[in-house]
Structure formats: C-alpha cells, structure tokens
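Welcome! Please take a moment to look over the sequence and the 3D view before reading on.

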Amino acid sequence: MVRRALGAFTCGVVAGTLGFTVIAAAAPIDPRDPLAVATSAAREHAYEGTLSVTWRADGVLRSRSVTVHSEAGSLAVTGDRRLSAVGARRALRSGGVWHLLWNRGEGDDAPPIADKYSVSVEPGVLVAGRTTDRVRITDPRGRVREYIDLDRETGLLLRREQRNEQGAVMRITGFEEVAIAATPTDGAPAEVGPRVPRGSGPAPIVIAAPFRSVTRLPGGFLRVGSYRAAGGGREQYYSDGLVGVSVFEWSGSLKPGSLPAGGAYGTAGRADARLYESPVGQVAVWDAGGRTFAVVSEATPTETARIIAALPSEGVVDGPTRIGRFLIGPFTWR
Amino acid sequence: MAPDDDAQSVLSAYLDGECRPEERAGIDAHLATSARWQRDLEEVREVRELVRAAAEVDLPPGLLDDVIAAVAAVEVAAPVDAPVAPVADLAVARRSRGRIAAWVAGMAAAAAVGVAVIVPTEPVVNPPVAAVVRTHAVRSSVDGVPTDRLAQSSIRAGFLK
C-alpha cells in the first residue's frame, strides 16, 4: 500500500485566541465573483465551529454535523473522516497517517458565474448568531439556485443553500456555532494540517484514446481539468462557475455485482444506470460500448440528466471484443 | 466521528496480507460481526484506491504502437526463403484428401478453442464509487472556499459493497 506519512496533525489552540470584538468590515462583494471575498476571508481569519451538512437522499433531507477548525489558511474538518486543506493541498487521515489526495491549484479557469447566473446581494439572515449578507444566485429563468450567506464582518462563508429548478433544497452547509478571531491572522501560518512533501499528488494529464476527451457539457459546463482516477480510470472535471461535475471513465464493462448496495435504477441515455445520492451530489454509474462511466454531479438532477444523456450510452465495440463476447457470452451470466 | 486509527492500521495490514494466519482469522471473525469494522475496512480500501490513483504512472502515449512498428520493421527486413513446393502425384493427393478433410476439421476445432482462449476477454471494471465521490469533492474544493465540499466529503456516504 502506498502510504505517505505526512507528519503529525498539530492543531493549534484557537479557542483561546479567538476574540469577539467588532472588526473591520469585509471587502465588498463582487457580483461577478461573489465567493472571492469568502475565499480570501477563509485564508485570513482563524475560526472554528460546528457545521451542519444537509443533503437530500431518497426524497428526504438528512443532516450530519462536523467540526471545523481553521487558522491562517489551514483548515481541518472532522466528520466520519478527518480531512485537511492547506492552500491547494488536500489530505485525508486514515490508519494513523495522513494521505495526500491533492497538491495542486486548479487547472484551467472555470467560467465566470455571471456567464450562466445572475447575482444579487441583499441583507442576510442570522447564521450562528452572526449578521450576514446574502448572495442570491438565480438561473437564466429567474429561479433561485443558491443562497450564500457571508459574515458581514469578515466575509467568511457561513451558510450555503443549493436548490433545484423546482425550488426544493438539495444541499445546505451552515454553521450551527462559530467563533471567529477578532483580527485577521498574519505572519507565519500556524500548522493545523499535515506537513506534506512538495511536488506529489495527481498531475493534470491529457486525455488520450481510448478515453474520450469532452471539453464541454450541456448547461454551460466547461472542462477545467483532467486527471488519473482510481482503478486505472480518467477523470474530467467540469464547472459552470458555481458547481462542479466529474466524469470518470474506465476501459471495460461493469463487473456484475460490483456496485455498492442501495441506490436506484435509472437510465443513462440508452443504457441502464445505477443512481446514488450522497452528501457531495448525485452519482450515476453505467457502462456502454465496453466502457464504464461514473458521473458525480453537484448540479441539479435535471441538469445532471442532460449531462448524462450527452455522454456515451452505447458505443462501437471493436472487433476482437465482439469476437470475445460471442465466444465467451454463452458462459457468462450477465 | 473520525474512525479509530489503530483499527484502520490493523485493517490496512489485513488488506496488505501482512497478518499472520491466526491474526487474519481473528480479523475475519471480527469483521463478520462488527458493522463498524466493515465500514472501516471499506474506508481503508477507499483510501488505498485514492492514493493509488495519485501514484499511477502511464506509459508514454504511443509507446505500444512504436513497439509494434519496430517489431514489424524487423520482420519485413528479414530475408524470406520461401520453400519450393514439391511436385505431388495426383493419385496420392486424391487418396490423402480424406485425411486432409479430417485434419482441417480437427484444426478448425482447435482454432475455435484457441480463439476462445487467446482472444482477450473484455476487461471488467469494479468502479470505486466511494473513492470517485471523494475525488470529486476534493477536486471541487480546490476552487474557491473549501469548507463546504470538505465537510460533505468528511461524511461517510455509505457506499458499502
């Protein structure tokens, strides 16, 4: 097993250093990039608290709480698992060691939010007892797709609510409790995550045959990165400026009985697909033409269905594979 | 909250085949009765898939084609000494026709078996669903504020096989 011992997880004691005095107002929210102020605020402010994660599964909303601890741009999140973010570095703690999952910045630029959505700012609701400014994001038909509540004093993202086209809540992440340091952090960043070696982690790749290179998906999703994926597959990551979609592809057909239990049966174009709902988003898995695909989507179910429909759901099978299927077919049960 | 590191370390050794037989039997027995350990085993397996994905190395594009082309070039360059066919007696040829037919039938049967064995069977994929969901969330968290995506990703989604 490839293991990377990434050093000790050394949480600084933030609670004692957090203050509650009035601090300088956050930078104004830029409607063209409403999350920019939250991104910089997350780097500059120390904060900790309890975050509630809500998602829709099987038609009902489910919630879990996780703890969040951030100091000088180093973020630690502890739920069922412990994850860390330091800059572009992402690590997961398992088996007593930290495993580096990511160590790079983003790939190509995601499209601006304004290319697809309209953004407005209004007085927000109280979140964890703090006054917020609410960023309202609407789609071209005027339907609210997200509410993003930013702390008025610091600009920190305190709550994010994502809705589908019918106005139903898909996901909410929001602080139940939060303590924010009175002054922005400066100087050397405190280490609240693992120390990791530089230059490791996945590198962007060029998608080449037999994998299919698709640069855009329906709904204004542009490809912003391509990577290797678990199991010898490839991942192409897309964004519409607000939410992301990953398309994974492997050579070979779906192994019978290999999918996790649960989920529901649906269709992906002309193929049968297994559909799952997770706190991250919708998941669809299917095979077509000797290839297996998985889509992980933060987009709405309607958008996700359009994306899946645009991906291969039947395909040309090469000659040797056809011969192999013909000969072996009678002896398989699938 | 976060799973126990010691248990995951044991399960990691279990998956790596580093346990002695009696230890393995004990872990098997515990796995049969402990839902927690079953979940942790899935977690350890998922982490291995994630880390291996980051560590995979691809062959350079076109390497296989280059090798095939090089082999073909060697075969073309080699001198070909075609044997001269002997002149056959027609009567002998007629007598041997039956044997040839039997030989052809035998070869056809052997070829069918050979094709079934030699033709590469279609690879099958065991998609690591939990790992790809985590991979997506991690990638997505790099753009903008990471808090919400990492928080979502820290929750066990329950993709148990």
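The paragraphs below walk through confidence, then chain A, then chain B.

Keep in mind from the start that this is a predicted model. For chain A, the mean pLDDT is 81, and 78% of the residues reach 70 or more.

Eleven strands make up an open sheet, and if you trace across it you meet them in the order E6-E5-E4-E3-E2-E1-E11-E10-E9-E8-E7, with antiparallel pairing. At the edges lie strand E6 (97–103) and strand E7 (118–123) of chain A, each of which pairs on one side only. From one strand to the next, the twist averages 20 degrees. What holds such strands together in general? Strands of a sheet pair through backbone hydrogen bonds, either parallel or antiparallel.

For a closer look at one pairing, find strand E10 (residues 157–163) and strand E11 (residues 169–180) of chain A, which run antiparallel and are joined by five bridges. Within this region, A:Glu161 stands opposite A:Ile172 in E11(A).

The sheet also meets the other chain. Helix H6 (residues 129–142) of chain B packs on it, touching strand E4 (82–86), strand E5 (89–94) and E6 of chain A. The direction of H6(B) makes about 60 degrees with that of E6(A).

Further along chain A, strand E18 covers residues 271–277 and includes A:Ala271. Is A:Ala271 buried or exposed? A:Ala271 counts as buried because 20 other C-beta atoms lie within 10 Å, and 20 or more is the cut-off for that label. A:Ser313 is 42 residues away from A:Ala271 along the chain, yet their C-alpha atoms are separated by 5.2 Å.

Chain B has seven helices and one strand, and from the N terminus on its elements run α-α-α-α-α-β-α-α. Of its 161 residues, 32% count as buried. Among the contacts in chain B with a separation of 6 or more, 65% come from residues 24 or more positions apart.

One helix to pick out is H2 (residues 21–33) of chain B, whose 13 residues reach 19 Å from first C-alpha to last, close to the 18 Å expected.

Definitions and conventions
Residues are numbered from 1 along each chain as its sequence is written. Chains are lettered from A and ligands numbered from 1 in the order in which they are written. This is a predicted model: local features need pLDDT of at least 70, side-chain atom pairs count only at pLDDT 80 or more; totals for chains, interfaces and linings use all residues. Helices (H or I, at least four residues) and strands (E, at least two) are DSSP runs, numbered from the N terminus. A residue is buried if 20 or more other C-beta atoms lie within 10 Å of its own, exposed if 12 or fewer, and partly exposed in between; C-beta atoms are placed from the backbone. pLDDT is the predictor's confidence in each residue, from 0 to 100. The expected span of a helix is 1.5 Å times one less than its number of residues. Two residues are in contact if their C-beta atoms, placed from the backbone, lie within 7 Å. Two strands pair if DSSP finds at least two bridges between them. Axes are lines fitted to C-alpha atoms, for helices over the stretch in contact, and angles run from 0 to 180 degrees between N-to-C directions.
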